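Please look over the structure shown below before reading on. The briefing that follows takes up one chain and then the place where two chains touch.

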Amino acid sequence: MKIINFTKLMIKIITILAVTLVFSIPFWFIFSNSLLEPLFAKILQIRHDPSMSGGPLIASFYDETNDDNGDGSYEYPYHDLFSEKNLSDIIGYEVYRPLIEPPIWQVAIILSKIPNIYNWESGISGIQIAVLIDIDSKDDIDSENFHIQFEQYKDLNLSFQKSNKPNFMILIDGLKRDKAKLIFNDGEIFFIDMILLESEKKIYLQIPLNIRNIQKILDGRETYHYVFSSIQDPLGVNGWLNIRDSASLRSGGGLKWEEGPKIFDLLAPIGFSQKDILSINNTGEDHYIILQPIKVNGFNPNISYLKEKGSQKDSKALSTIQYLIEKVKEEEEIEKKNAEEEFNFKLNSSDDVEKLYALFGLSRFDEAKILVKKILEKEEENPIALAYYGSLVAMEGGKTKNPMLAISLVQKAYIYLDKAVDIILKRLNDNNDQKTIEYAIIVLTNRAVVSSSVPNEIFSKYEIAISDLIKISELLEKEGKIKESANALMQAAILYEKLNKKSDAMAIWLKILGYKDKLAKVELELVKRNYYH
Amino acid sequence: MENNLNNDSYNHNKKYDEKYLNIYCNQSLKVSKFTAILITIIVFFILNFFLLYNAKGISKISSWIVLFYLTFGFYKLISTGKISFYRKFLFIFGASTFFPSFIGLLIESRGEMALTYRQILLNETPFCHIVFPMVIFPYILEKVLIFPARLTGHFASFYAMLVIITISILTVGRGWCSWVCFYGGWDECLSTIPKKAIIKIEDKNKRLRYFNFVMLTVIILGSLATFSVIFCQWFCPWKLITEYEKIVDLRTFLAFILMILLFFILVIVFPYLTKKRIQCMSYCPFGALQSLTDRISFFRIKIDSNLCKGCLICAKNCPTMSIDENSILEKKPKVLITCTKCGECIQICPQKAIRYDYFFKPSNLILNQVETNDQLKNKKLEYGRKKILKNIFKTLLFTLNEIKEVKVLFPFSGWILGSIVMGGFMVDTITRILNIFINGSFLLK
């Protein structure tokens with residue numbers, strides 16, 4: 001009897017489960033992006049097989065943005081083709097672990113802008129990038145220099161240390177679609193695969209490992225790389241554009257001495273600056289500058305590439321992370337205390353807008369809602385009140401369990417937020433005083449916070465959040481709040497990463513690197529992303 | 001003593017099952033009008049949310065067209081009980097709108113249909129459910145995904161597809177192959193066109209039915225050995241209407257030839273000649289995987305041995321040959337794990353001996369509920385003002401009882417899943433067609 005009852009109960013439970021499951025199908029889809037996919041991701045911890053994208057990354061190097069001016073004095077030719085600046089600005093270089101299957105060794109160059117390297121209509125195709133690699137050198141530095149190995153860069157006025165003599169050069173000259181040249185010291189030329197990723201602003205180069213001379217790198221040895229860019233001119237010697245003391249239509253300018261290097265941008269190794277390397281005029285027999293290579297550490301060939309989970313952080317970086325985490329906590333406590341003091345002070349203000357700001361900051365949203373309505377009754381087009389009202393409506397949307405209602409509330413919120421931004425930006429154009437800037441920051445922050453909080457898959461608002469954050473950063477910089485400006489940029493970079501726009505994110509990270517004063521949380525994010533050196 | 005007890009229990013269960021089955025199966029597949037309208041309204045609102053939340057401009061018009069098409073289709077399905085007939089409206093339309101939409105999206109995003117190294121580098125290849133069996137073991141061994149799909153944040157990302165596959169395993173099970181799969185509509189369509197099979201293959205049913213398990217084993221072992229998705233590289237018949245590897249060497253050239261042959265033979269010629277869904281039944285490894293996991297799902301197709309007269313119409317008409325003829329002749333009718341729950345047998349059975357059911361045994365509770373519904377159905381509604389509330393209550397009770405029945409739940413889950421997965425493609429294709437007339441271009445960007 002008991003068994004029958006138990007069976008009945010079980011059947012009842014399973015029936016209810018089945019009915020619930022069937023009617024919850026739409027919710028599975030609705031919460032797929034925000035809940036289920038992250039949950040699966042956390043549980044499964046899956047990553048792509050690195051061989052599909054050219055092997056695991058073993059080294060990455062970064063270079064300053066906007067430094068495509070040689071030793072600081074170089075200018076592009078006057079030709080229209082170069083009216084858009086920073087055409088040969090290298091901002092990063094990546095080296096991947098060589099693979100046996102497929103047999104390739106991949107390197108990638110990241111540029112701040114992808115030029116049209118196949119543009120031959122004007123006779124000048126644009127940039128020319130060279131990667132010279134030494135695969136059999138010793139680590140010891142030899143003072144003896146070399147000048148010529150390859151015919152192709154004879155005219156570039158360069159010399160190398162004997163210990164780091166390049167074995168071959170990869171030349172991106174745009175002569176053959178999707179191909180780059182691999183040139184050996186003896187003049188033998190191969191065409192290798194080149195993949196231009198415009199969205200990533202990256203150029204991938206795949207060195208085939210069926211070329212016997214290069215196969216030795218499969219033993220995991222260290223290699224030395226020289227990466228630089230200049231301008232391509234088919235009429236120039238070996239295809240390199242000439243640089244003179246002053247720029248003309250078809251030649252660059254700013255060359256300080258006759259045998260100066262014809263390099264617009266160079267990836268300088270850690271401890272060296274591009275300016276120093278390119279401006280040392282040797283007074284000895286060899287007048288050419290001596291290039292310094294970047295060192296790429298080897299790998300353990302006995303460990304499968306599948307076991308390597310990308311480049312590991314060294315102990316120094318880990319200790320820096322620990323230190324920064326502590327510092328972030330301290331900073332947050334101070335920030336919280338200061339904010340509370342400010343809000344409490346402004347709460348007593350006679351100005352309703354100031355009071356609203358304080359109420360919002362203290363999370364007293366019910367009172368804020370009453371006040372916001374009061375302000376809007378008096379002044380329909382008050383941008384601060386409109387922005388806060390928009391945020392309150394969006395918050396309501398976030399709280400509701402009815403997805404249809406949530407969507408309509410968020411859409412309604414944007415009517416107020418967009419209106420507030422339009423009004424404040426118009427005012428900012430007319431009047432650039434401190435108060436207007438402060439108000440603009442508040443309004444833009446409201447929209448940026450809402451835009452980065454609502455699911456992008458449904459509302460597609462991340463781009464708006466990014467542009468608002470960049471604008472906020474500019475305004476904060478104007479106000480002299482450098483740390484806060486870097487913080488706003490950091491939020492924008494993180495959103496770019498969420499959108500999978502890695503190179504845009506990288507450009508912002510590199511810009512943040514240039515800020516002298518940064519909050520600990522900004523530094524922490526930089527360290528986490530290996531920008532610490 | 002114990003034996004007697006067991007026998008008693010057995011007899012009781014048998015009697016009880018028979019009673020249940022008789023009552024249940026004799027019921028019409030149709031549902032009451034009120035229930036049909038109520039459940040259709042729910043479908044309308046759900047689909048309205050999924051199809052219209054982001055629709056703008058021309059796509060708003062096409063979203064409304066698709067919304068009405070799908071809502072009306074569902075109403076007809078549920079109210080007429082012709083499940084398999086109206087299911088095809090969803091399934092075939094979904095599959096035929098999938099490829100123009102998908103090809104359009106590919107051309108807009110990368111300029112060509114061919115898969116280039118760029119997409120592989122960026123891990124931006126759309127994840128296809130057929131790949132799923134191949135990625136399981138490499139993941140278990142090395143925690144890597146051997147397919148260059150985006151992991152999250154995309155309609156065809158790996159995790160998005162995983163969510164869809166999980167829901168489908170729990171609800172429709174192998175019903176995926178007849179309700180949700182955006183490829184299956186092709187061979188369903190081709191196998192529906194001829195009135196009679198030109199080639200009869202029923203006598204080879206066993207070998208053909210289980211060939212996709214062989215395929216599944218081969219591709220799992222192959223992907224494990226090579227750590228690559230060998231089905232996609234060599235054996236996928238859908239490349240011609242989706243994306244294919246660019247021809248750069250002899251291997252890619254041979255793979256291209258093979259994929260054309262596979263498409264024409266498995267998807268067009270064989271289904272037309274045999275009136276069977278050859279690709280889904282005998283070739284698709286994902287279908288085989290769904291068969292293996294089908295026992296987890298809540299719903300099955302069951303045959304009542306008492307009602308079944310052994311006419312074999314169901315077995316002959318089953319598009320995947322999933323009804324074991326011998327078992328019917330032996331009076332122990334069995335639906336095999338390869339069944340795609342299309343409902344063709346339910347619709348065609350002259351004895352009404354086949355039905356959708358829960359996987360667990362029928363209970364007194366369900367029995368009572370069915371009886372209650374029958375009683376409610378037979379009782380005429382009482383007239384008079386005072387009786388209005390009573391009548392409303394009665395109708396609601398009846399509807400609630402009816403909604404719990406699998407004849408409502410299963411088509412509902414299949415239709416909703418299929419519409420959500422394929423609805424976007426339907427909208428996109430109609431938008432493209434409208435765009436041809438309005439702006440003169442198939443491409444939207």
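Two residues are counted as being in contact if their C-beta atoms, placed from the backbone, lie within 7 Å. The model is a predicted one, and by that criterion the contact between the chains takes 41 residues from chain B and 36 residues from chain A.

**Chain B as a whole**
- The secondary structure of chain B comes to 21 helices and 3 strands, and buried residues make up 47% of its 445 residues.
- Among the contacts in chain B with a separation of 6 or more, 76% are between residues 24 or more positions apart.

**The side of chain B that touches chain A**
- The elements that give two or more residues to this side include helix H2 (33-52), helix H7 (158-170) and helix H21 (406-439) of chain B, and strand E1 (144-145) is also one of them.
- The residues on this side of chain B divide into 29 nonpolar, 8 polar and 4 charged.

**Strands that pair across the chains**
- Strand E1 (residues 47-48) of chain A pairs with E1(B) in the parallel sense, over 2 bridges.
- Within E1(B), Leu145(B) is the bridge partner of His48(A).

**Helices that cross between the chains**
- The axes of helix H3 (residues 32-44) of chain A and H7(B) come within 9 Å and cross at roughly 95°, which means that H3(A) is roughly perpendicular to H7(B).
- Residues of H3(A), including Leu36(A), Glu37(A) and Phe40(A), meet residues of H7(B), among them Tyr159(B) and Val163(B).
- By class, this contact of H3(A) with H7(B) has 7 nonpolar, 1 polar and 1 charged residues.

Methods:
Residues numbered from 1 in each chain as written. Chains lettered and ligands numbered in written order. Predicted model: local features only at pLDDT ≥ 70, side-chain atom pairs only at ≥ 80, totals over all residues. Helix = DSSP H or I, 4+ residues; strand = E, 2+ residues; numbered from the N terminus. Buried ≥ 20, exposed ≤ 12 C-beta atoms within 10 Å, placed from the backbone. Nonpolar A, V, L, I, M, F, W, Y, C, P; charged D, E, K, R; others polar. Pairing = 2+ DSSP bridges. Axes fitted to C-alpha atoms, helices over the stretch in contact; angles between N-to-C directions. Parallel < 35°, antiparallel > 145°, perpendicular 65-115°, else oblique.
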